[in-house]
Amino acid sequence: MQGSDKLKLIERFGGWERLVVFSGVILTLPLFALLATGIYAVAVDRPSAGVGVFLTVICLLVLWAIIWGLLWIIAGFRAGGGAFKAGETSYEELLAVNARLKAELAELKRKA
């Protein structure tokens, strides 16, 4: 499959964002059903029904936090930031930066 064919498929079916949102919706629907059951149990005065509603709300918030976090990570990768790419910085440059940082640390220790 060529690169242009892959791009056409991504445009047609969506990328990782659509997969994450779809998964979030699929996982949220049963939690809403569980929440509705808990609210009904509270309405008919079942014992400890409030705990079920509380736990369901906590599960929904955790799920949505995970979904938003994944979307944030995917957006970061799409923007091209945050990932160290091999070959971007040479070994010698890293050694020079390391030496400079060690010298700065030694200087700060002497001042303190």
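1. The expected span of a helix is 1.5 Å times one less than its number of residues. In this predicted model, helix α2 covers residues 16–43, and for its 28 residues that rule gives 40 Å, which agrees with the 40 Å separating its end C-alpha atoms. Just after α2, Asp45 adopts a positive phi of about 60°.

2. Along α2, the buried positions are Val20, Gly24, Thr28, Leu31, Leu35, Gly38 and Ala41. An α-helix has 3.6 residues a turn, so residues three or four places apart point the same way. The partner against which the buried residues of α2 pack is α3, residues 49–79.

3. The largest nonpolar core consists of nine residues, namely Val20, Leu31, Leu35, Val53, Leu60, Leu63, Ile67, Leu71 and Ile74. The elements that contribute two or more residues to this core are α2 and α3, and the largest share, six residues, is supplied by α3. If residues up to four places away in sequence are set aside, Ile67 touches Val20 and Gly24.

4. One aromatic pair is found when the whole structure is searched. Its members are Phe32 and Trp64, whose ring centres are 6.1 Å apart and whose planes meet at 55°, so the pair is tilted; planes over 60 degrees apart would count as edge-to-face. Because Phe32 belongs to helix α2 and Trp64 to helix α3, the pair ties together parts that lie 32 residues apart in sequence.

5. As for the accessibility of these two aromatic residues, Phe32 is partly exposed at 39% relative accessibility, and Trp64 is also partly exposed, with a relative accessible area of 34%.

Terms used
Residues are numbered from 1 along each chain as its sequence is written. This is a predicted model: local features need pLDDT of at least 70, side-chain atom pairs count only at pLDDT 80 or more; totals for chains, interfaces and linings use all residues. Side-chain values use heavy atoms; hydrogens and water are left out. Helices (H or I, at least four residues) and strands (E, at least two) are DSSP runs, numbered from the N terminus. Buried means under 20% relative accessible area, exposed over 50%, partly exposed in between (1.4 Å probe, protein chains only). Contact means heavy atoms within 4.5 Å. A nonpolar core is a set of buried Ala, Val, Leu, Ile, Met, Phe, Trp, Tyr and Cys residues joined through side-chain atoms within 4.5 Å. Rings of Phe, Tyr and Trp (its six-membered ring) pair if their centres lie within 6.5 Å; planes under 30 degrees apart count as stacked, over 60 as edge-to-face and the rest as tilted.
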